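Hello,

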Amino acid sequence: MLDDVPVVVDRGRYQAAVTPWEDRPWRAEALGWAVDVLARRGLGPAGEWRVRLRPWSVLVRLPVAGGREAVWFKANPPGSAFEGALTEALARWVPGHVLEPLAVDARRGWALLPDGGPLFRDVLARGAAGAGDWEELVRRYAATQYALTPHTAEITRLGVPAVPVTSLPGVLDRLDATPLDDRERARLRELRPRLPDWCAELASLGVPDSLDHADLHDGQVFRPRPGRFTFFDWGDALVSHPFAGLTVPARRAREDHGPGILPRLRDAYLEPWTGAGRSTADLRRAVSLAWRLSALGRAAAYGRLFPTTSGTTGAATAEAGARCLLELLDDPPL
């Protein structure tokens, strides 16, 4: 049956990347698993299947017969094979804030996910959201992270990497081997002596580690209705200082609303973290430090590629992490 389904494949900018999709037996097994999951729910696929191939995932959109929304099959490489099991656990711990998967095969890194509604990016493009929506997004994300602080040990047991603040100098040392020009490399090396003090100060401010999405831009969030946000795509996630997670959405919001939105986003994000003896000044200082250090956490998360992908792509992702850090150094502290 699968051979009769019309399929459209999108490789984006990664035409040379090798993924399991090229392996016909793997493809038949994976799609057969998705079809079996639907059949157990009395559903079946219909129409054209759209496949999105990237070094970090295989994503297949399967329209469902009977006028229902489509479902999504996702396969992760070994470096982020935890995503399905993590999403399943998050649906128990913070229900309503993440997609609840239809099925997960944790051993093989597969998940079948429901449609989550409109992307926040599409809502923004229609002019149907503004600065207040960004504030609500980061407030809800912070509340989600705060609720997950008791579960960090369980999250790491699922395979999510732990990147404590004290390990970040080592991440910077590994970036020294990336293909940067002499000026860029010199700037990273100038940063190195200051980094341990920043990390020690951030760790001393008393905010516990939690789950960091690490790439929470407007294309990684559904906005099914006003005031409601659903977070997804946890393949880059790590357990680290939670405030690093503010950087990506804040920088994206700044593109639309200018730098004046940043203090508003900071204060909205900090609302769930107030109390427990933490002063406003300490929390704001922690955000400022985490803003600078966030690129190192993201760099540690980069490169979770399929093992058959060329090493060139892995080097490119490490270089992207280094350049992101340089960009944040040029930003004024939040």
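Below are my notes on the sheet, a hairpin, the aromatic pairs and the cavities.

This is a predicted model, with residues numbered from 1 along each chain as its sequence is written. Local features need pLDDT of at least 70 and side-chain atom pairs count only at pLDDT 80 or more, while totals for chains, interfaces and linings use all residues, and side-chain values use heavy atoms, with hydrogens and water left out.

Let me start with the sheet. Six strands make an open sheet of mixed pairing, in the order S1-S2-S3-S4-S6-S5. Strands here are DSSP runs of E with at least two residues, helices are runs of H or I with at least four, and both are numbered from the N terminus; two strands pair if DSSP finds at least two bridges between them. Strand S1 (7-10) and strand S5 (103-105) stand at the edges with a single partner strand each, so one side of each has no neighbour in the sheet. On average, neighbouring strands are turned by 15° against each other, direction ignored (axes are lines fitted to C-alpha atoms, for helices over the stretch in contact, and angles run from 0 to 180 degrees between N-to-C directions). S1 pairs with strand S2 (residues 49-54) in the parallel sense over four bridges, and Val9 stands opposite Val51 in S2.

Two helices pack on this sheet, where contact means heavy atoms within 4.5 Å. Helix H1 (residues 24-40) touches S2, strand S3 (57-62), strand S4 (71-75), S5 and strand S6 (110-114), and its direction makes about 40° with that of S6. Helix H2 (residues 83-93) touches S4, S5 and S6, at about 140° to the direction of S5.

A search of the whole structure finds 13 aromatic pairs (rings of Phe, Tyr and Trp, the last by its six-membered ring, with centres within 6.5 Å; planes under 30 degrees apart are stacked, over 60 edge-to-face, the rest tilted). One of them is edge-to-face: Trp33 and Phe73, 6.1 Å centre to centre with 65° between the planes. The pair links helix H1 to strand S4, 40 residues apart in the chain.

Elsewhere, strand S8 (residues 221-225) and strand S9 (residues 228-231) run antiparallel, joined by three bridges. They form a hairpin with two residues between them, and Gly227 in the turn has a positive phi of about 80°. Arg225 stands opposite Arg228 in S9.

Finally, the whole structure holds two cavities of 30 Å³ or more (on a 1 Å grid over the protein atoms alone, sets of points where a 1.4 Å probe fits but cannot get out; lining residues have an atom within 4 Å of a point). Volume is the space filled by probe spheres set on the points, which are joined across faces, edges and corners. The largest cavity has about 70 Å³, and helix H11 (residues 280-301) gives the largest share of its lining, four residues.

Best wishes

Notes
On a 1 Å grid over the protein atoms alone, a cavity is a set of points where a 1.4 Å probe fits but cannot get out, and a pocket is an open set with protein on both sides within 12 Å along at least five of seven lines; lining residues have an atom within 4 Å of a point.
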